[in-house]
Each structure stands twice: as structure tokens, then as C-alpha cells.
Amino acid sequence: MSSTRNQPDPPNVKPGKKPNRQSSGKAASLGMAWPVVVAAVCGILAVWVAAGSTGFLVTPLRHAVVGLLLIAVVVALRLSWRRWIVVLVVAAVGAAFSLLGDGLPTVDGLVTAAILASLVFGAGGRERQVLMIVAAAAGSLAVFRAACHTVPTAWSIDNAIGHALGWLGGLAGGDSPSVGGSLGGVDLLFLMAVFYIGWLRSTPPPRTGRAVAAAVAIFIVQAIYLVGLSHATQLAAALPEPPMPASLDPGDYRPTGWNVLAELRGWIPWAMPLAAAVLQTIIAAAMLRWSPLEAPPTESVEPRSGATGVSPAPASGELSSGSTEPHPSPTDENVAARRLARGLFAAAVAAAVLAGFMAAWPPGRGDLSGKTVVAYGGGNVDWTPPAHGVLEPDRARTYGLLPSLVANLGGQWIVSDALADEDLKRADVLMIIYPFKPWPKDQRRRIEDYVRAGGSLLVVTGPTIAQEIHSNPADEPGDAALLAGNIRPINELLDFAGLAFRDDTALPSTESWIGALSGSTHPAVLGTSLRTLGQTLQWGCTIDAGWPSRPILIGRWGLSEPGNTGLGGNALPDAAGQWGDVTLAAERLVGRGAVVAVADDWHLTNLGMADGYGFTGRLLAYLANRPSNPQSMWRQVLALLGYLGAFALIVWRPSPVRATAVCLTLAAVLVGATCQARANGPVPAAPTQNSPTVLGRPIAYVDASHFEVGSDRPWANDGMDGFLLTLARNGYLPLKLDRWNPEQLKNASLLVVMGPAQPFSPGEIRQIREFVEKGGHAILMVGATEAAAARGLLGEFEFELQPSPSPTGSNQAEAEPMGQFPEAFGQFNTIFGDDKTPGSVWFFQAWPIDCKDIHSWKLVWGFNQQPVVIHRVLDKGSVVLIGDSRFALNFNHGYFDNRIVASAPDNAHFWRWLLSWIKGQREWIPPDATRRASPETSRVGKEVPR
């Protein structure tokens, strides 16, 4: 029995009555202590950062900031060990959800809100009241962000409010930037509104003065932010540009001095929401510190009222302190309160389940088996695949491998110039890429009738169309006029669907779209990591897709520049463009069919397909099968009802149990849908040989799941673009394995591993061995600097490679690199059968290797007859070890500093021979085996287009 049960009633309270809010005593007239205030504002800032509301932050940095803020919260509160247990359990579950969800901001926001709600357990008095206010505000924001992420209608409302706020900011003399909800600060106002209402209800009357003062302070901060945002271009222009080094050559590079003003230039406008969030937390701190707060009311709907630290006075049905009965009988009021608490808890979980399932499940699955993709052949499209003898990267942006991908996914590929009725009747998906000629009316009518009857139309274009059509721009009008004229035919085609490509260029806030994208629960993207989606897009335009269109991909931290700028990423915003929340892919239902517009073709090209095959495969499989779409209107309505119910049950009579349950349940449903979609995504299969006209190719996976060396930037010196094209020239369909998947490996013919920094697990090593024994081939490019991480994998195949540097305390001598001297070593004599006409092969940093298998083939020798390339046959397959982790990167493959070097054919010839060797085919011999590359001529050549 509580120790407060025998205490007399407070003054001015009649016997049998409960104390009201006006009589909470002297302590209630004081603000909160600083530790609780610090914990509260750190929690508010943590959920903003976790949900991605404070501007562009890469995922690791965002996680680190959230972790530090949550640590500050628990340190300030000085939790007891019982509270520590509750918080650690919730944090562990939340961390697992965040990991499975690939760090999705929506999931991170829900997890952070659940952790903040768990801090309320065991708290008492006014501390509990403050923490509950913060938990309710954080949970409300997390639910709001989940709704915007999963329900297109909610995102459209959020985007419209952000646009209106940006317009209001421009009334103060700025540029009136066209912004969405992300840069408009909608998330900041939403959380502060919920926090404001909870805080105001916790203060004693009269409340008018403090209500007006707090509201004015919140809106002043928001106004300052919006005015600053409207002057962002002027602010950025006034700040100095980051200093450039005197030389970019690695040998001559010297770091420049750090300039804080130059660093701030890069933050505008993408990190400006963070400044607004900090200012809003200062207002929140002032509200808690210098305003009188009441202790929570004694009545509670929690199952155990003692958890609040304040026990209710005995009701008339309870025994007095002098009773000898050990257990007082519960009153009708307590029983009703507990029943209400259980009912509200069940309703909260049901609302979260309804919202999550309607917005994300089922995630959709399927491939193109038995389906037909008809591609329009009248556009500006080159279907030529990479071929031997053409080393220039001009085949990178062509679409020659797209038919092979469709075939490997089980579909049939048809190219039609006229789009006759016979072709459209056979089409499960109609694909139109870069059309630039006016459409005949009968052809447009046939396409519209095809869609309205239930067909699926995919339209892809981008701003590069102006450059690709006209080979001599000097004889043509300006780029803007060309773009407008070339986009007009495709927009005329899409007019019946209410979609249109804008005359602009979509740019990420940094050098690539990695981290700057926001996906959705559309079957085309659900299950694909945001990092992979960021590599799927390179250069496109934006889409005008008003409601009820469904956004599929959104550049949350991107911008649009009017016209065909020809720029890459990392550009300063233009006042005439759109900032943030630009639509890059969208869908619109028309009749019984669907139209999808994608404003970037990189994922369909020969080179972009290596990363974009997951998005392309999911998109085509969705259009061909049209499974139940979580973005259907009736499901959007039910999902919104679920979100509204969850929001109401968080803020009405707030409870830590309900807030934690809602956030974790919703996170669990979304993560489960993501994992299910990831597991059931279309997997390219091995090609069949039933027909001589089969388009499918053997699949070559380049592992990218163990932090291998190399850059993802197109044509970077340390990229692998040249090697991917080399694999394509040799008949493979080159794809990256961004996530280890044994099912994908079973359908592959070749696995390439380049300098992994993360060790392979025993299960993964076993899967690679089974892959080889059943007829697959593996090429391992590992130098001594990566030998430690690859030790288990190399040992499985009896390869030997000494690490560098040698482990501390080891008596083992370090391996010595052999350098790059093609005229002194690297001659693969075996292909000719004698030593008179050797070919040359270039290495970046070669290391001596060995193999315990005496039947292995030593193909390339280095200094002192030390092997550099070894081939070992294992059952039906084989393994090749190359003692150079960077052997296949661009700077060693013949592409250096935006130029094709004169020695590019050497390594291309070597790979052509090696791949023919390991497949057991007739050995291919270069046409001029005596040709040598001179180091003096290795830095001149043709410019590489970027």
C-alpha cells in the first residue's frame, strides 16, 4: 500500500474530492530543473534528426548524431537500473529494426520515438509529465513521417504545405523559393504544435499570456528560417567558395586551409533546417524552464497507477488504514480505468497494424516469366551492346544489354517501330524511351486505348536528349529550345495520363543521389536500399505529377535547374528552380491500366544496369503483373484512417505504453514488408538454350557486399566501369551484388571479388565453394593489403598470400609489392605456347601469390619468377587469384583522368584471353601480340564522356 495513502488531503480540498490542477502546491509554480529540460530538448532534436527533418545528413552521420543525443538524454535523467532495463530492451529492438530497414529515416524516427516513450516508465511527478509531453510529440512526428513516406496523398499534402510556407517566406523580399515539406520546415512546426498543446495543458490557469508568448516565439523562429531560406542564394553568393588545392595529382596534393565560412556555403540550403530545429529547441527549453508546470493528475488510465509516483486517495469503497484486511478490494473506478487502458492499448496496436499493412503489404513479387515487353523502336535509342574492339565508353549509355536483362528475368523482348495493334495486343509492358518525333494521332490513340483497356506503359526520358539527337549543336537552336521541342512530343503522349516532364535538370545536393533520395512503398522500390537507388539515377529531369498521381522516387534533398544545364551534382540552388522534394518517378492509373514515368534512363543503360537492375526488374515485374498496390486509393484511405487513429491515441490521454506500442508496431510492419519485398524481388536467371535466338546472357556478379575497393562514381579513376564493359564485351551480363544473396549466386556463371574489407562468413565461403564445384567460376583480385579480410576465402581454395603489414607480434615477413613494370614482367606467355611473342598486362600494385594445389596453373609471373595470377580447377568450375586488388579499376584498366590511355587494349586483351581460358573455350590470341605500351604515351588519348 502506498505510503501516501494515510496523508491528509491538501488544503482547500473537500474530503472525498481529488486535488485539482489549481491546487498543486508551491512546487507546481516552478519550472523544471535543468537536467530534465536538457533531456527533453535533446529528445526533441534526436527525433527530428532521426526522421530526416533537419536537412541532408548521410545515414552514418545521422545515426551517430541521434545516438549522441539519446546518450545525453539518459545521462541527464540519471536513470535507475529498472528504467535502464526498459530503455535498453526498447533500444535493442529498435536498433534491430533500423538495421533491417537499411537505416530508413521513417523507421529511425519511429524507433527514436519509442525509446523516448520508454523513458517515461518509472518516472514520477512533473518529470514524468514533461517526458510524456516529449514522447507524445515525438511519436506524433514519427507517425506523420510514416504517413508521408507510405501514403502518396499524405506526401502531397505535406508538399503543398511546404510550398505555401516557402511562398510566405518570400513575401519578406526574398525569392519565394519553390520548396516542399522537407525544406519548408513542416516537420518542425508539426512537432512543436503537438509539444505546445501538451505543454499548455500541463500549466495552471490562467494560460492566455504564456500561450500567446510561446506561440509567437515559435512562429517568429519559423519566420526567421523561412526568410533566411528565401535569401539562400544571396547568402551562398556572399560566402567564399571552398579553396581548391594547387594540384590534384596524388603526388603533388597538399591540403588547403579550412575556412568555416566556405564550409557554411555548402550547407545552404540543405542544412538550414538544422539551424531552425536548434532554435526551436531553445524555445522549447524556455517553455519548460520558466513556466509553471503542474504535476500529473492523480487519476490514471495506466494498469498500475503507482507507476506515476503519485497514488490516488482512497475512494469510498476502499478500507481505511486501520483495516486488518491485507488486500483492499479494487473500486469500480480503478477497474474501469484499467479496462479503458487495455481497450486503448488494443485500439492503438490495431490502428498501427491497419496503417502499416494497408500502406506496405503485400509488397509484391514476381518476375517476367511468360510476359512480353514491347519496346518502341522509333525513339533516340541505340540497342547495340558493347563489342570487342570498341574500347571507348560510348557504349555505356546505350541500351544493348536491356533485352538480355528482360530475357534473364524470363520475359520476351520485341522492338516495334509502328506499335501496331498486333504488337500492342502481345504487350504486357509497353516501353517508350526518348521519343523525339511528333506522334501521329492514330498512334497516340492506339497507345491510349491500350492503357485504358488494362495495359502498362513505361515512359523514360531525361535532359540528355538534346545532346543525343543533334550531333552538331552549332547548326541547331539553343539547348533550351531543343529541349522544349524534344520533350513536347513525349508530353503530348502523356497528356491523357496527367503526367509531364519538365524542362529542367534534376540535381542532387551532393555529387550523387546516394542519401538524397526518398523512396516509397511502391512495389518498384520497396525492398531496394536507398544507397542502391541512389546509384540507379545519374542525370535526369523532374516530373509534374499532381494528385492523384503516385510518386515512386522523390529527390528529397535535390533541386531542379531550368533547362538542360549539362551539370552534374553538387550545384548551388537557382531561385527559379525547385528545391527539395522533386519528383523523379511517378505513376498514374488511367482506366484499367497504369502509366509510369521515369525521368532518368541510367538504370536502363549498359553501365547503369549494373546497379539499377534491381529497380528495373522490380518496375517491369510490377507493370507486367500488376499485383495489389499499397498505393491504391482505397488502401490509401484505410491507411490514413489508421494513421489518424494512431496519432489520436498517442496525443489523447498520453500513455507511454501506447506510444511505445504504436511506434514499435508500425516499425515492425514496415520493416517486415521491406524484408519480404527484398527476399521476393525478381532474380535474373541463367539463360536458357532452347532457342538459337535467345537473348539471355551468362550472369557475372561483381561483389559489392563486403566493402570492396572501388568507387561508385561513373568513370572515376578508382571506379570499375571499364571492367564492367569488358565483361559485357565477353558475353556476360555484368551486375553488382550489393547484398549477398545465395539465390542470385546460384544463377550466375561468374563471381568477381575485388579487395574485400569485410571478411566472408563461413556460410558465404561454403556457398562460393558450392557455386564453383557446380560449374561456376570465381575471380578473386586480392592484394596483400586486403589479405587479412580475405584470409578465410583464400584458404578455402588453398591460395597463399602474405598480408601487409604483418600483424603485431608476428614473426612472419611482410610481402613485398612488385610495382607496375609491364616491360619487365606481367607477360602471359602461356597463351602462345612459347616465349617469343608474349603479351603485356598492366598491374597497379602486384603481390606474389602461391597455391598449395600442385595442379594449379600459374598464368602470369613477376619478379624472380614469382606468380601473380594463378588458376585452379575445382570439380566442374575454377577459381582464379590475381594478386592485385585494384587490377580491374579504371586507372589500371586503361581509363585515367577522364582519358583513354594508349595501353587500354593490353588489359582488355588479357581479360578476353583469361575469360576464354577459364571457360575452357579455344584460347583467344590478340591480333598483334608483339605490341607494347610505352609509359611515355600512357597519359594521352581521347576524352571520356562523363
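Leaving aside neighbours within four places in sequence, which residues is Arg446 in contact with?

1. The structure is a predicted model. In this model, Arg446 is in contact with Ala418, Leu419, Ala420, Asp421 and Leu424, once its neighbours within four places in sequence are set aside. Arg446 itself is part of helix α16, which covers residues 441–452. Its relative accessibility is 15%, so Arg446 counts as buried, the cut-off being under 20%.

2. Helix α9 (residues 208–230) packs with helix α12 (residues 272–289) at an angle of about 165 degrees, and their axes are 10 Å apart. The angle makes α9 roughly antiparallel to α12, a term used for angles over 145 degrees. The crossing of α9 past α12 is right-handed.

3. On the α9 side, the contact is made by Ala214, Ala217, Ile218, Val221, Gln222, Tyr225, Gly228 and Leu229. The α12 side supplies Met272, Pro273, Ala276, Leu279, Gln280, Ile283 and Met287. Sorted by class, the contact of α9 with α12 has 12 nonpolar residues, three polar ones and no charged ones.

4. The largest nonpolar core has 194 residues. Those with the most contacts inside this core are Trp48, Phe195, Tyr196, Ile433, Leu458, Tyr643 and Leu780. Helix α5 (residues 125–150) gives the most to the core, with 16 residues. Another core, of 45 residues, lies apart from it; among its members are Ala396, Leu750, Met781 and Ala908.

5. Trp48 touches Ser53, Thr54, Leu141, Asp187, Leu188, Leu191, Met192, Ala277, Gln280 and Thr281, with residues up to four places away in sequence not counted. One of these, Gln280, is also among the α12 residues in the contact with α9.

Technical notes
Residues are numbered from 1 along each chain as its sequence is written. This is a predicted model: local features need pLDDT of at least 70, side-chain atom pairs count only at pLDDT 80 or more; totals for chains, interfaces and linings use all residues. Side-chain values use heavy atoms; hydrogens and water are left out. Axes are lines fitted to C-alpha atoms, for helices over the stretch in contact, and angles run from 0 to 180 degrees between N-to-C directions. Helices (H or I, at least four residues) and strands (E, at least two) are DSSP runs, numbered from the N terminus. Angles under 35 degrees count as roughly parallel, over 145 as roughly antiparallel, 65 to 115 as roughly perpendicular and the rest as oblique. A crossing is left-handed if the near helix is turned anticlockwise from the far one by less than a right angle, and right-handed if clockwise. Contact means heavy atoms within 4.5 Å. Ala, Val, Leu, Ile, Met, Phe, Trp, Tyr, Cys and Pro count as nonpolar, Asp, Glu, Lys and Arg as charged, and the others, Gly among them, as polar. A nonpolar core is a set of buried Ala, Val, Leu, Ile, Met, Phe, Trp, Tyr and Cys residues joined through side-chain atoms within 4.5 Å. Buried means under 20% relative accessible area, exposed over 50%, partly exposed in between (1.4 Å probe, protein chains only).
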